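This report goes through a single chain, from its overall build to a handful of individual residues. Please keep the sequence and the coordinates at hand while reading.

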Amino acid sequence: MRKLVFASAALLTVAACGEKQEAAPAGDASYQETLMTALLDAEPGDVIEIPEGRFAFDRSLSLTVDGVTIKGAGMDKTVLTFKDQIAGAEGLLVTASDFTIEDLAIEDTKGDALKISEGENIVIRRVRTEWTGGPETENGAYGIYPVQVKNLLMEESVAIGASDAGLYIGQSQNVVIRNNRAEYNVAGIEIENTFDADVYGNVATNNTGGILVFNMPNLKQPGARTRVYDNEIYENNTKNFALKGTAVASVPAGSGVVINSNDQVEIFNNRIENNKTANVIVSSVFSSGLAAEGMEADFDPYPDGIYVYGNAFEGGGNNPDGLELQALKVAVAGPLGSLPDVLWDGYVDPALSGPQDVLCVQNGEAQVVNVDGPNDNKNPHVADAGVHDCAFDKLPAIELNGPLAGL
């Protein structure tokens, strides 16, 4: 294993052979070239270390070699800033397997901050992505963005200011997302078209929507079997600043957990508080604004097997986003009331027997409001107590495998 160190004395050290070559001071334009060259020349087993400091880049970085680790001195100590980026769609693009990145920050990229595509055995640990100007539509879409990966661990990371999703996992398999923080993104954490994900120990606050579990049409794979538990999901009331036409542009501000067109999702043992539209929203694609001609025939637009239990709900539903949801609140709870903790659009797959196949809620006094979407919202109502008093078989815990086994 070679160990490549960007030392504070501005030397690039190749530890395996003892060679040293001069590198430019941190922040100098040629320092960018030095790091780009190190990534280009990397070999399997290399550890590329970047020291404490703030390093400026005006174009994307990329890595295509398997088995490489990129390591900084800490997410608030090693900062890669792309504030003056003029080329490239990402900050760092990785198309490789057996990859680890940890202990650094990526700021103010033109597009996505960190994208990892089509790899296996990926570890993302203590990485911060941030747009430092606050929530703006012009910010990059995704903070940390693994897509089409297998066997993924993302932990102790931070995402701030993404105009789509801060922590986004798409079209992936066997995923653990734990002990992260997402704040001031449109979607804090989003699991999309992904099979077998555990999302736990995270904090999602000040986003438009805290944690989203979506299935979208016209992608390479659907998704199912996600557990969302032991998270803190509170005060996700930031105005939606997504680009119009994107999947998350229809998420109302004040959404805690949002399930859209996904199956076998468990929401349990979370603290979910003061999300002004609803603490939990369960919907089909027909309520997302994305149901359009061209959706593939085998796409399942309906959620089912959604199980909500054992959560600590408080507040929320008191000031829904938009005139339609405000009118719903008045119709259901009066002008001074609040929507129930769980909002459901009311769509049921015709192949199922009824609402009990879609949504089970065993959560103390938590109620479900049925928006009556299939009938143009003509009869929104709080569901009778017994309608959703049911249970589904619980999902097994995700076990990382291969080189990630035991993490």
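A residue is called buried when its relative accessible area is under 20%, exposed when that area is over 50%, and partly exposed in between, with a 1.4 Å probe and protein chains only. By that rule Leu 35 is buried, since its relative accessible area is 2%. The model is a predicted one, in which local features need pLDDT of at least 70 and side-chain atom pairs count only at pLDDT 80 or more, whereas totals for chains, interfaces and linings use all residues. Residues are numbered from 1 along each chain as its sequence is written, and side-chain values use heavy atoms, with hydrogens and water left out.

## Overall build

The chain holds two helices and 34 strands, where helices (H or I, at least four residues) and strands (E, at least two) are DSSP runs numbered from the N terminus. Along its principal axes, the C-alpha trace spans about 75 × 40 × 40 Å. For 407 residues a compact globule would have a radius of gyration near 22 Å, and the chain agrees with this because its own value is 22 Å; the radius is taken over C-alpha atoms, and the globule rule is 2.2 Å times the number of residues to the power 0.38.

Of the 407 residues in the chain, 58% are buried. Contact here means heavy atoms within 4.5 Å, and among the contacts with a separation of 6 or more, 63% come from residues 24 or more positions apart. The chain exposes about 16,300 Å², of which carbon and sulfur atoms supply 48%; accessible areas come from the Shrake-Rupley method with a 1.4 Å probe, and for residues only the protein chains shown count as cover.

## The disulfide

How many disulfides does a search of the whole structure find? The search finds one, a disulfide being a pair of cysteine sulfur atoms within 2.5 Å. The partners are Cys 360 and Cys 390, with their sulfur atoms 2.0 Å apart. Cys 360 lies in strand β32 (residues 359-362) and Cys 390 in the segment after β34 (381-382), so the pair ties together parts that are 30 residues apart in sequence. The torsion about the S-S bond is about -110 degrees, and the disulfide is therefore left-handed. Cys 360 is buried at 1% relative accessible area, and Cys 390 also counts as buried, at 16%.

Asp 98 has a phi near 55 degrees, a positive value in a residue other than glycine. Asp 98 is placed in the loop between β9 (87-94) and β10 (99-107), and its relative accessibility of 35% makes it partly exposed. Asn 174, again a residue other than glycine, has a positive phi near 60 degrees; Asn 174 is found in strand β17 (residues 173-178) and is buried, with a relative accessible area of 17%.

| Pair | Apart in sequence | Apart in space |
|---|---|---|
| Gly 143 and Ser 62 | 81 residues | 16 Å |
| Met 154 and Glu 102 | 52 residues | 9.9 Å |
| Leu 35 and Ile 50 | 15 residues | 8.9 Å |
| Asn 231 and Gly 310 | 79 residues | 12 Å |

Leu 35 belongs to helix α1 (residues 29-40). Gly 143 is in strand β13 (residues 142-147) and counts as buried at 0% relative accessibility; leaving aside neighbours within four places in sequence, its contacts include Ala 113, Thr 129, Trp 131 and Gly 166. Met 154, in strand β14 (residues 150-155), is buried with a relative accessible area of 0%, and, not counting residues up to four places away in sequence, Met 154 touches Ile 124, Ile 144, Val 176 and Arg 178, among others.

Asn 231 sits in the loop between β23 (224-229) and β24 (232-234) and is buried, with a relative accessible area of 1%. Leaving aside neighbours within four places in sequence, the residues in contact with Asn 231 include Tyr 200, Asn 202, Asn 269, Asn 270 and Arg 271.
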